[in-house]
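Subject: Model for you to look at

Hello,

Here is the structure we talked about. Please open it first, then read my notes below.

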Amino acid sequence: MQERRDLTFTGPSARLQYILLMGLFRLAVSRGLYGRFARALGRVFSPDNRALLSIDGAPPFPISLDDGYWTRFALWNTQYEPEIARVLTAAAGQAAIFCDCGANKGYWTLRAAPLFDRVIAAEAAEATFAELEANAGHLPNVALHRVAIHSVSGERLSFVNVANSHASARLLTGDGPGRGDTVETVETRRIDDLLPTGAPALIKLDVEGAEVPALEGAARALREGAVLIYEDHGSDPTCAPSRYLLSNPDVCLLFCDDGFRQVTSVDQVRALKTDRYKGYNFLAAYKNSALLAAISERF
């Protein structure tokens, strides 16, 4: 189903910047070059210039026009991860809670707010969380948490903000920070400690390499019937999150594209990931999950 997109701007200068930006996009030969174009153009215009994108009547998502990620994926492309949008629509009325883990600036938080009774959003990076708070903190059914999703709650871990790529921020593990990256500390939280008991939720998980610890911290929620939308990135040949989930014979994995396709092996997952720069969305739940059955039927 085609989305209804309403695009407005903070002023005439922002509209002009958007027009120039979309023209520059046609000339960019790589994502890195486009990002440099967007940042350079942003130095010419006001840093407060925003495009306000509202989809299907959801609260508008403000996009800074020097942001190489969101201008590329949400403005240039006609649809951003349409399979997630379809899952949210299918789950509306079937689940009371949507949990957005790795919420970034709140794109899916805002999309979900009109569809669910409660939305819980978690974001680890301090600066990104501040924008999430500005974008969605005023919504009465949205609760925001500045935490890193992990296997245990209450620890303090180092978090890397990747230079010029807020969408690539990650917990500090074996790979140290790169040139220009900054490091801060953040408290960890289990998904099981974010969600109330007895209310199966739809959970979106996009935590840049910390998927397995995050899944370990969602054991109770999954047992109680939660449905998980998670990313298995094309750059990971081990398919770590899918491998972890497939180790449980009671869990069902579905690949999300135009429909659902069940996958039963890591080799199948690996074969589906043809682009190493892309994140691929999968659905996971216990096979007896009533919420999974309802979503599958409506999807």
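Strand E5 (residues 118–122) and strand E6 (residues 142–145) run parallel and are joined by four bridges. Two strands count as paired if DSSP finds at least two bridges between them. Alanine 121 has leucine 144 in E6 as its bridge partner.

Before the rest, the ground rules. The model is predicted, so local features need pLDDT of at least 70 and side-chain atom pairs pLDDT 80 or more, while totals for chains, interfaces and linings use all residues. Numbering starts from 1 along each chain as its sequence is written, and side-chain values use heavy atoms, with hydrogens and water left out.

E5, helix H6 (residues 126–136) and E6 make a right-handed β-α-β unit. Right-handed means that, with the strands pointing away from the viewer, the path from the first strand over the helix to the second runs clockwise.

E5 and E6 belong to an open sheet of eight strands, in the order E6-E5-E4-E11-E12-E15-E13-E14. Its pairing is mixed. E6 and strand E14 (260–263) are the edge strands, each pairing on one side only. On average, neighbouring strands are turned by 25 degrees against each other, direction ignored.

Further along, strand E11 (residues 202–205) pairs with strand E12 (residues 227–233) in the parallel sense, over four bridges. Isoleucine 203 has leucine 228 in E12 as its bridge partner.

H6 packs on this sheet and touches E5 and E6. Its direction makes about 170 degrees with that of E6. Contact means heavy atoms within 4.5 Å; angles run from 0 to 180 degrees between N-to-C directions, and axes are lines fitted to C-alpha atoms, for helices over the stretch in contact. Helix H12 (residues 290–298) also packs on the sheet. H12 touches E11, E12, strand E13 (251–256), E14 and strand E15 (279–286), and its direction makes about 130 degrees with that of E15.

**The three-stranded sheet**

This open sheet has the order E1-E2-E3, with antiparallel pairing. Strand E1 (5–9) and strand E3 (61–64) are at the edges with a single partner strand each, so one side of each has no neighbour in the sheet. The twist averages 25 degrees from one strand to the next.

Strand E2 (residues 50–55) and E3 run antiparallel, joined by four bridges. Leucine 53 stands opposite phenylalanine 61 in E3, and alanine 51 has isoleucine 63 as its bridge partner there. E2 and E3 form a hairpin with five residues between them. In the turn, aspartate 56 has a positive phi of about 55 degrees.

**The helix pair**

Helix H1 (residues 12–27) packs against helix H2 (residues 31–44) at an angle of about 155 degrees, with the axes 10 Å apart. That makes H1 roughly antiparallel to H2 (angles over 145 degrees count as roughly antiparallel, under 35 as roughly parallel, 65 to 115 as roughly perpendicular and the rest as oblique). Residues in the contact include Leu20, Leu24 and Phe25 in H1, and Tyr34, Phe37 and Leu41 in H2.

Best wishes

Key
Helices (H or I, at least four residues) and strands (E, at least two) are DSSP runs, numbered from the N terminus.
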